[in-house]
Amino acid sequence: MWEYTDKVKEHFLNPHNVGEIENPDGIAEVGSLACGDALKLAFKLDENKRIKDAKFKTFGCASAIASSSALTEIIKGMTVDEALKVSNQDIAQYLGGLPDEKMHCSVMGKQALEKAVENYRGAPALEEGAKIICECFGVTDKEIERAIRENNLSTVEDVTNYTKAGGGCGGCHDAIAQIIDHVKAEPKMDSKPKLTNIQKIRLIEETIEREIRPSLKQDGGDIEIIDIIGNRVIVATRGACATCKASDITLKNFVEYRLKELVSPDITVEEAAK
Amino acid sequence: MKTIYLDNNATTQVAEEVLDIMMPYFRDLYGNPSSMHTFGGQVGQKIRQAREQVASLLGALPEEIVFTSCGTESDNSAIRSALITRSDKKHIVISRVEHPAIRTLCSHLSTQGYKITELSVDKNGILDLENLEKSMTPDTAIVSLMWGNNETGVIFPVEEAARMAHEKGVLFHTDAVQATGKIPINMKNNIIDMLSISGHKLHAPKGIGVLYVRRGTKFSPFLIGGHQEKERRGGTENTPSIIGLGKACELAARNMEKENTYVKRLRDKLECELLKRITQSRINGDIGNRLPNTTNISFEYVEGEAILLLMNELGICASSGSACTSGSLQPSHVLRAMGVPFTMAHGSIRFSLSVNNTEEEVDFVIEKMPAIIDRLRGMSPFWNAKEQACSKH
């Protein structure tokens, strides 16, 4: 049995905004019967160009229905531009989270919203230059790239959970792996907002905890933050790292490299005096 | 809220008589049957009796019964034993609708140098024995085909299949986890070499299984250790559960007729009424050739997990072959093997009854299901479109 939050159950048992809208301003359908879930979304704007009403019809499991209900609640009162900023994460968060295997339900909400806005603006249905990667579920490279970026995905399995791509015949697994590599190789600095000192310290701690420590621990080592002064991160190495002759290289080529990549390009890592 | 349990192919309630007979072996008679003292030895006598009870249900000899921990262990033991005792052969024949205990094991073996042939079934889930004939080669070690399918209840002609396997000198195993206790099995009338049973599908507890190994069949144990089970399965006996399973087999023999009259009638009533009251629904699996307790019904344009959760709100328990219930993205491998269209497979619900179900329970489900399906169809973008398309004609 799935571990659904109370919020998911509530929106499944009593979904908000089920139905259709007469003469909608934007309308779209995504998914298909064969996929196992599908969503038809419509919205109507008021005189101030804000979303006055949003309605949906969904074929799918409890989390698909709950995600649709959540989406329509979230976007009501928003302008179209504001609505476009709603991410699948926002939908999942509104519901108090979704099981990993069900994240694709929130992605479906996001896709429907984008298509409905495209329909409103009269823009082309398929993103320019997008090409279908997963034939079974009709998922494009652009959709996969976006899911990887927004949710920091790193495996083909993750991508399948979020977009369904690769969940059918499996013939596209190599192509998905290539997209992951390609997205991971992108420089990310430009898109990073400027951090406050507190945010930066927290991000450094999180990055070490999540991205760095597990790898070091695999080799019997560990790392501890001693101090953070501006962009200088002072650390002490522990366990196998403390006695390892190559630990300088590890600090520069792995720890510093990851922090530059994930926190800020200005970061330097130094080892505390022993 | 009262629970209406129509998921007996998943697991069953332990029968009261079974639980009663087990209790002393937890509390007072906790001895090890292998011990030299009477305190342990008396438990050994009870195990002998349980072995006879199991053998009696199957028309087998007591010495042909090996107690295991579950159906999966029995299946694994059977296949692995065949591969070890026929170590020059590298080919296994199964069907596309086998339980994961066989399918996943075989796909694992396929990475270790074994070749697997999966026989297909037709749209009613029926096996073509001609394909079996053609599939066997001099390299084939074992054929394993289930007796009754867990999802659809469809029965395979395993006795005939065993004869064909033997003609080619191939071992034959059947997973009879669902069939045991629901249809008569008499090992005197067939030449099946090995057969798997799971206790919790027939009102015994979870964690106990049986592998039947015909006398004279070469066997190599899966669990290697002590001399228990005549060195065919190491590990101290699960004494309370073995004794409970013996009782459960005795009850199953007694209830066999009820399964095929009372339970079958309730199942037939449930499925007839649901098909009558809910349009665009259909049965998956051959109607004439099924276990008496199982029905698998597809409700088109709705999704199985959503149906199950709405049923759950009313205390009704069942299963679905939809993709969403499994965490995979594809509907049940059984329904796919049968070529059930995805649109139908996603909305499939399996009801599996037992002798514990009542007419009132079935009537309640018949009364509540149409509203559940209507409610979800009302939310489905395909339902209206379909109705409009129909009204245009």
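Predicted model: local features only at pLDDT ≥ 70, side-chain atom pairs only at ≥ 80, totals over all residues.
Which residue in β6(B) is the bridge partner of Ile142(B)?

**View 1. Strand β5 of chain B and its neighbouring strands.** In β6(B), Leu171(B) is the bridge partner of Ile142(B). This pair belongs to the link between β5(B) and strand β6 (residues 171-175) of chain B, where three bridges join strands that run parallel. To pass from β5(B) to β6(B), the chain goes through helix α7 (residues 158-167) of chain B, and this β-α-β crossover is right-handed. Strand β3 (residues 91-95) of chain B is likewise joined to β5(B) by three bridges, and these two strands run parallel. Here His91(B) has Thr140(B) of β5(B) as its bridge partner. Because five of the five residues of strand β5 (residues 140-144) of chain B are buried, the strand is largely enclosed by the rest of the structure.

**View 2. The two domains of chain B and the contact between them.** The domain assignment divides chain B into domain 1 (4-10 + 256-381) and domain 2 (16-252). Taken over C-alpha atoms, the centres of domain 1 of chain B and domain 2 of chain B are separated by 28 Å. Their contact draws 21 residues from domain 1 of chain B and 22 residues from domain 2 of chain B. On the side of domain 1 of chain B that touches domain 2 of chain B, the elements that give two or more residues are α9 (239-277), β10 (294-299) and α12 (333-337) of chain B. The most comes from α12(B), with three residues. By class, this side of domain 1 of chain B comprises six nonpolar, eleven polar and four charged residues.

**View 3. The contact between chain A and chain B.** Chain A contributes 23 residues to this contact, and chain B contributes 21 residues.

View 4. Eleven helices and eight strands are found in chain A. Along the principal axes, the C-alpha atoms of chain A fill a box of roughly 75 × 45 × 40 Å. Chain A has 274 residues, of which 38% count as buried. Among the contacts in chain A with a separation of 6 or more, 54% are between residues 24 or more positions apart.

Terms used
Residues numbered from 1 in each chain as written. Chains lettered and ligands numbered in written order. Contact = placed C-beta atoms within 7 Å. Domains from an automatic or database assignment. Helix = DSSP H or I, 4+ residues; strand = E, 2+ residues; numbered from the N terminus. Nonpolar A, V, L, I, M, F, W, Y, C, P; charged D, E, K, R; others polar. Buried ≥ 20, exposed ≤ 12 C-beta atoms within 10 Å, placed from the backbone. Pairing = 2+ DSSP bridges. Right-handed = clockwise from strand over helix to strand, strands pointing away.
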